[in-house]
Amino acid sequence: MDRRVLLEHVRRTRLPPGRRARARSDARQIAAFLKQQGASRVVGIGSTFVPERRFTWRSDIDLAVAGLPIETFFSVSAQAEELTEFHIDIIPIESATESMHRTIREDGVDL
């Protein structure tokens, strides 16, 4: 591979310092918003919250949420997206798979 191409790729994909910290801060703000909207529990999962996992320019904020009324789930999720520059995945705990429940138990961070 051409060295210039490689260096350009590294430059484009290198994260500015503090990017994971920014995602965590945004996640706390989003969790507070979700609780105002009726969520009883918000748990952060994934690379934003697990230091051993690689946080890249494609990383997002993954949140498992309990108690958010189904009638408002999609509108509240859309409003939550407006609170951050990161993509957000909001997973209802009530309908999560067993492997997701395991991830929440083992790696989740209550927000």
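Begin by selecting strands S1 and S2, which run antiparallel and are joined by five bridges; strands pair if DSSP finds at least two bridges between them. The model is predicted, with local features requiring pLDDT of at least 70 and side-chain atom pairs pLDDT 80 or more, while totals for chains, interfaces and linings use all residues. Residues are numbered from 1 along each chain as its sequence is written, and side-chain values use heavy atoms, without hydrogens and water.

Within this pair, select Ile45, which stands opposite Asp62 in S2. Next, display strand S4 (residues 109-110), which is antiparallel to S1 and joined to S1 by two bridges. Here Val43 has Asp110 as its bridge partner. Colouring S1 by accessibility shows four of its five residues buried (under 20% relative accessible area, 1.4 Å probe, protein chains only).

Proceed to Asp60, in the loop between S1 (41-45) and S2 (61-66). Asp60 is buried but has no salt bridge (a side-chain nitrogen of Lys or Arg within 4 Å of a carboxyl oxygen of Asp or Glu). Arg53, the nearest side chain of opposite charge, is 7.7 Å away; Lys and Arg count as positive and Asp and Glu as negative, with His and the chain ends not counted. Leaving aside residues up to four places away in sequence, Asp60 touches Thr48, His87 and Asp89 (heavy atoms within 4.5 Å).

Finally, select the whole protein, which has four helices and four strands (DSSP runs: H or I of at least four residues, E of at least two, numbered from the N terminus). Their pattern along the sequence is α-α-β-β-α-β-α-β. Of the 111 residues, 36% are buried.

Notes
Buried means under 20% relative accessible area, exposed over 50%, partly exposed in between (1.4 Å probe, protein chains only).
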